[in-house]
Amino acid sequence: MLIALITVLYLGGGVQDATLDYIKVTEGKVDEIISEPDRRSEIKLTLSDMKNRSKERADSAKKLVKQLEGNMSEYDLAQEQIDAILDEYLTLLTDYNEDIIDLRFELRNQMSREEWRAFFGHEGQP
Amino acid sequence: MNSMSKRRCVILLLMGLTACGGKEQVSSEDQQDAAFADLRVAVDDTVTDEASKSEVMQLVDELESDVDKLREILVMRRAEIRRLNADYDVTREDFLNFANETEVRIQENRRNVLAARARLVNATTQEEWNVLTKVETKAMKTIIQSHQGL
């Protein structure tokens with residue numbers, strides 16, 4: 001458990017993804033806020049893409065965390081192994097951030113300003 | 001019963017009472033106190049050399065401080081992402097700049113924790129290290145999960 005703590009501190013948290021909560025809450029409001037069936041479907045499809053991308057990222061991150069925990073628990077730590085895993089993790093994170101931001105803008109372009117406000121208008125309440 | 005064990009009991013009692021209260025949740029501060037109390041008890045039980053024990057206890061304090069710093073960063077990150085997302089006119093660059101700024105702040109924590117880990121290894125024998133790395137308690141699991149979820 002000490003190793004898991006060191007690993008989460010080292011990676012900077014966030015192995016699980018708050019985006020999934022965001023998607024779940026947003027999905028729950030689509031039928032209420034969007035009246036046209038075609039646009040509802042488009043928005044739900046974008047949210048589904050976000051969900052799939054987030055799950056894919058979480059699965060890959062979990063594998064790297066396992067590897068990192070294995071290395072961190074060794075008494076004689078090989079720094080190169082840690083560096084290699086961190087590089088892979090940061091690449092994963094950067095790619096994911098860019099993809100999820102693109103999808104966020106896709107979602108934004110599917111809605112009017114008023115609809116966006118109805119979904120996300122209250123800060124902290126997606 | 002030493003002072004650490006007494007403190008641990010008080011925390012467990014508080015957690016138990018809170019759990020019995022139904023909807024009330026144990027605060028993250030109480031969870032963190034319990035997790036680090038567990039770790040200090042394990043260090044006390046495991047590390048035999050007094051100078052090494054003192055060094056390891058100091059490192060546990062530093063790790064706890066790193067946990068605080070990371071939590072602060074992650075809570076701020078979550079709030080800022082929600083604020084950015086709510087803004088219909090925000091740009092892609094605003095998001096990416098914020099992600100980069102956060103990563104810079106996390107890097108400092110990363111350096112600290114790796115240095116603390118190296119010092120932990122130096123202050124323990126291989127046998128002691130093997131025991132400490134296997135310490136597993138509910139409170140520690142909860143605090144780790146809470147950071148992973150932020």
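A: **The contact between the chains and the core around it**

Once neighbours within four places in sequence are set aside, Leu9(A) is in contact with Asp66(B), Val67(B), Leu70(B), Asn109(B) and Val113(B). The model is a predicted one, and the values below are computed from it.

Leu9(A) also has a place in the largest nonpolar core, which holds 35 residues; Leu5(A), Ile6(A) and Leu9(A) touch the most other members. At least two residues of this core come from each of helix 1, helix 3 and helix 4 of chain A, and from each of helix 2 (28-46), helix 3 (50-86), helix 4 (92-123) and helix 5 of chain B. Helix 1 of chain A supplies the largest share of the core, eight residues. As a general point, nonpolar side chains in soluble globular proteins tend to be buried together.

The contact between the chains can be described next. In total, 30 residues of chain A are in contact with 38 residues of chain B. On the side of chain A that touches chain B, two or more residues come from each of helix 1 (2-11), helix 4 and helix 5 (113-120) of chain A. Helix 1 of chain A gives the most to this side, with eight residues. By residue class, the side of chain A that touches chain B divides into 18 nonpolar, eight polar and four charged residues.

Ile144(B) counts as buried because 20 C-beta neighbours lie inside 10 Å. Neighbours within four places in sequence aside, Ile144(B) is in contact with Ala4(A), Leu5(A) and Val8(A). Within chain B, Ile144(B) and Glu64(B) are 80 residues apart in sequence, and their C-alpha atoms are 12 Å apart in space.

The axes of helix 3 (residues 37-72) and helix 4 (residues 79-109) of chain A come within 10 Å and cross at roughly 170°. The crossing angle therefore makes helix 3 of chain A roughly antiparallel to helix 4 of chain A. Residues of helix 3 of chain A in this contact include Ile43(A), Met50(A), Ala61(A), Leu64(A) and Leu68(A), while those of helix 4 of chain A include Ile82(A), Ile85(A), Leu92(A), Ile100(A) and Leu103(A). The residues of the contact of helix 3 with helix 4 of chain A divide into 13 nonpolar, five polar and six charged.

Chain B has six helices and zero strands. Of its 150 residues, 27% count as buried. Among contacts in chain B between residues at least 6 apart in sequence, 71% join residues at least 24 apart.

Two loops of chain B illustrate such contacts. Val47(B) is found in the loop between helix 2 and helix 3 of chain B, and Thr124(B) lies in the loop between helix 4 and helix 5 of chain B. Val47(B) counts as buried because it has 22 C-beta neighbours inside 10 Å; Thr124(B) counts as buried because it has 25 C-beta neighbours inside 10 Å. Residues up to four places away in sequence not counted, Val47(B) touches Ser52(B), Lys53(B), Val56(B), Thr124(B) and Glu128(B). With neighbours within four places in sequence left aside, Thr124(B) is in contact with Val47(B), Ser52(B), Val56(B), Trp129(B) and Leu132(B). The C-alpha atoms of Val47(B) and Val131(B) are separated by 9.5 Å, although the two residues are 84 apart along the chain.

In general, an α-helix has 3.6 residues a turn, so residues three or four places apart point the same way.

Glu55(B), in helix 3 of chain B, has 17 other C-beta atoms within 10 Å and is therefore partly exposed. The C-alpha atoms of Glu55(B) and Asn122(B) are separated by 9.8 Å, and the two residues are 67 apart along the chain.

Definitions and conventions
Residues are numbered from 1 along each chain as its sequence is written. Chains are lettered from A and ligands numbered from 1 in the order in which they are written. This is a predicted model: local features need pLDDT of at least 70, side-chain atom pairs count only at pLDDT 80 or more; totals for chains, interfaces and linings use all residues. Axes are lines fitted to C-alpha atoms, for helices over the stretch in contact, and angles run from 0 to 180 degrees between N-to-C directions. Helices (H or I, at least four residues) and strands (E, at least two) are DSSP runs, numbered from the N terminus. Angles under 35 degrees count as roughly parallel, over 145 as roughly antiparallel, 65 to 115 as roughly perpendicular and the rest as oblique. Two residues are in contact if their C-beta atoms, placed from the backbone, lie within 7 Å. Ala, Val, Leu, Ile, Met, Phe, Trp, Tyr, Cys and Pro count as nonpolar, Asp, Glu, Lys and Arg as charged, and the others, Gly among them, as polar. A residue is buried if 20 or more other C-beta atoms lie within 10 Å of its own, exposed if 12 or fewer, and partly exposed in between; C-beta atoms are placed from the backbone. A nonpolar core is a set of buried Ala, Val, Leu, Ile, Met, Phe, Trp, Tyr and Cys residues joined through C-beta atoms within 7 Å.
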